[in-house]
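Trainee: I'm new to this one. Could you walk me through it?

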Amino acid sequence: MTLTRCWRFAGAVPRLLWNSTAMPGVSVPMGRISVSNLENTHPSCKKLLFFRFSSGPPSTDVTYDQLKQLLAVRKSVVIDVREPWELREYGAIPGSINVPLGQVGTALQLDPEEFKEKYDGEMPQQTDNVVFSCLTGVRSKNALDTAISLGYKDVQHYPGGWQDWVKNERHH
C-alpha cells in the first residue's frame, strides 16, 4: 500500500513541475501534494523520489580523504579486490581485507565464520558500509556492482585505488 502511494506521488510530481514551469498561468492545486508533505513521506518513498527526480544516482565514489576518515572511525569495511601477489608486491591500504575480484560474489555469500577463516577479516553485513578498492578503480567498480546485485545497500568504491592512495600518502 505504501509503495502504491509512492508511485502515485512520484507520478504526480513531474506533472506538477511541468504544469507550473512549462505552462505559465496554469495554477497547480497543491492541496494533496506539496513539498512540505515530504516531511511525512515514508522513507522508502523519499528514496524513490530521489532516484526518479535527481540528476543521477547518489555517488558511489569515495575520495582519499573520505576513505581515510572512514578508516579512522572504523565505520566501513574496506575490501581490496586485487590478487594477493599484487598486495605482496605493491602494498595494501591498512585495515583492508583482500578478497580477489573473482571471489567477491562467492565470498559475500559465505557464512561469517568461513569468511573470517578464508579472508582473515570480519564479513560485512548487507547493511554495513563497504568500500571496494583495487589498483585503479576498474575492478573495484565491478565488485561494487556484484555486491549491489547480492543485496548490499551501502556500497562504494575508491576509484583512485592503490595508485591514488600511495600518491596521497606521500603528500601527507
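Mentor: Let's start with a pair of residues in one helix. Phe115 and Tyr119 lie 4 residues apart in helix H6 (residues 112-119), so they are separated by about one helical turn. Helices here are DSSP runs of H or I with at least four residues and strands are runs of E with at least two, numbered from the N terminus. This is a predicted model, where local features need pLDDT of at least 70 and side-chain atom pairs count only at pLDDT 80 or more, while totals for chains, interfaces and linings use all residues. Residues are numbered from 1 along each chain as its sequence is written, and side-chain values use heavy atoms, leaving out hydrogens and water.

Trainee: Are Phe115 and Tyr119 buried or exposed?

Mentor: Buried means under 20% relative accessible area, exposed over 50%, and partly exposed in between (1.4 Å probe, protein chains only). Phe115 has 0% relative accessibility, and Tyr119 has 9%. So Phe115 counts as buried, and Tyr119 also counts as buried.

Trainee: What kind of aromatic pair do Phe115 and Tyr119 form?

Mentor: Rings of Phe, Tyr and Trp (its six-membered ring) pair if their centres lie within 6.5 Å; planes under 30 degrees apart count as stacked, over 60 as edge-to-face and the rest as tilted. The whole structure has 3 aromatic pairs. In another of them, Trp85 and Tyr90 have ring centres 6.5 Å apart and planes at 55°, so that pair is tilted. For Phe115 and Tyr119, with 5.0 Å centre to centre and 45° between the planes, the pair is tilted.

Trainee: At what angle do H3 and H8 pack?

Mentor: Axes are lines fitted to C-alpha atoms, for helices over the stretch in contact, and angles run from 0 to 180 degrees between N-to-C directions. Helix H3 covers residues 64-72 and helix H8 residues 161-171, with axes 10 Å apart. Their packing angle is about 85°.

Trainee: Which elements do the buried residues of H8 pack against?

Mentor: The buried residues in H8 are Gly161, Trp162, Asp164, Trp165 and Asn168. Down the axis of H8 they fall within an arc of 160° (taken from the directions from the helix axis to the C-beta atoms), so they line one face of the helix. Contact means heavy atoms within 4.5 Å, and the buried residues of H8 pack against H3, helix H4 (84-90) and strand E3 (129-133).

Trainee: Where is Gln156?

Mentor: Gln156 counts as buried, at 17% relative accessibility. Setting aside residues up to four places away in sequence, Gln156 touches several residues, including Ser59, Leu70 and Phe132. Its place is in strand E4 (residues 154-157).
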